[in-house]
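Dear colleague,

I am handing over the structure we spoke about, and my notes on it follow below. Please look through the sequence and the model before reading on.

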Amino acid sequence: MIVRAKRAMCETAQCYGDFRGMRITVDIFPDQKWKVNKSDGYYWLTRKGGMKIRLTEAAFCRLFELEDA
């Protein structure tokens, strides 16, 4: 599936484990296309360049819309 964001957003995450002390900011725009796979009850979004985002079904439905099945 290919999806697009419903609106522009800027999300920030704090990392733990080996990356403790790292903060990651991701800018997401409606003109970006994301590939989606569903596995283990989560939606996994990827883009060219290696970024991978895991979302719950509720978050996925709230933030993204289907572009192409």
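**Strands β5 and β6, and the sheet around them**

Strands β5 and β6 run antiparallel and are joined by four bridges, and one of these places Ile53 of β6 as the bridge partner of Leu45. Please keep in mind throughout that this is a predicted model. The hairpin of β5 and β6 has five residues between the strands, and within that hairpin Gly49 takes a positive phi near 115°. Lys48 also has its place in the loop between β5 and β6, and with a relative accessibility of 86% Lys48 counts as exposed, because the cut-off for that label is over 50%.

In β5 the covered face holds Tyr43 and Leu45, whereas the uncovered face holds Tyr42, Trp44 and Thr46.

**The protein as a whole**

The protein has one helix and seven strands, and from the N terminus on its elements run β-β-β-β-β-β-α-β. Its C-alpha trace spans about 35 × 25 × 25 Å along the principal axes. Of the 69 residues in the protein, 26% are buried. Among contacts between residues at least 6 apart in sequence, 44% join residues at least 24 apart.

In soluble globular proteins, nonpolar side chains tend to be buried together. Here the largest nonpolar core has 15 residues, and those with the most contacts inside it are Ile28, Leu45, Leu55, Phe60 and Phe64. The elements that give two or more residues to this core are β1 (2–5), β3 (23–28), β4 (34–39), β5 (42–46), β6 (52–55) and α1 (57–63). Of these, α1 gives the most, with three residues.

Which residues does Leu55 contact, once its neighbours within four places in sequence are left aside? They are Tyr42, Tyr43, Leu45, Phe60 and Phe64.

**Aromatic rings and the charges over them**

A pair of aromatic rings is described by the distance of the centres and the angle of the planes. The count of aromatic pairs in this model comes to three. Trp34 and Phe64 form an edge-to-face pair, at 6.4 Å centre to centre and with 75° between the planes. This pair links distant parts of the chain, since Trp34 lies in strand β4 and Phe64 in strand β7, 30 residues apart. The rings of Phe60 and Phe64 have their centres 6.2 Å apart and their planes at 15°, so this pair is stacked, the cut-off for that being under 30 degrees.

Trp34, Tyr43, Phe60 and Phe64 form one aromatic cluster. Are Phe60 and Phe64 buried or exposed? Phe60 has a relative accessible area of 9% and Phe64 one of 5%, so both are buried, as the cut-off is under 20%. Trp34 is buried as well.

Two arginines lie over rings in this part of the chain. The charged end of Arg47 sits over the ring of Trp34, 5.5 Å from its centre. Arg54 lies over the face of Tyr42, at 3.9 Å from the ring centre, and Tyr42 is on the uncovered face of β5.

With best regards

How values were computed. Residues are numbered from 1 along each chain as its sequence is written. This is a predicted model: local features need pLDDT of at least 70, side-chain atom pairs count only at pLDDT 80 or more; totals for chains, interfaces and linings use all residues. Side-chain values use heavy atoms; hydrogens and water are left out. A nonpolar core is a set of buried Ala, Val, Leu, Ile, Met, Phe, Trp, Tyr and Cys residues joined through side-chain atoms within 4.5 Å. Buried means under 20% relative accessible area, exposed over 50%, partly exposed in between (1.4 Å probe, protein chains only). Contact means heavy atoms within 4.5 Å. Rings of Phe, Tyr and Trp (its six-membered ring) pair if their centres lie within 6.5 Å; planes under 30 degrees apart count as stacked, over 60 as edge-to-face and the rest as tilted. A charge sits over a ring if NZ of Lys or CZ of Arg is within 6 Å of the ring centre and within 35 degrees of the ring normal. Two strands pair if DSSP finds at least two bridges between them.
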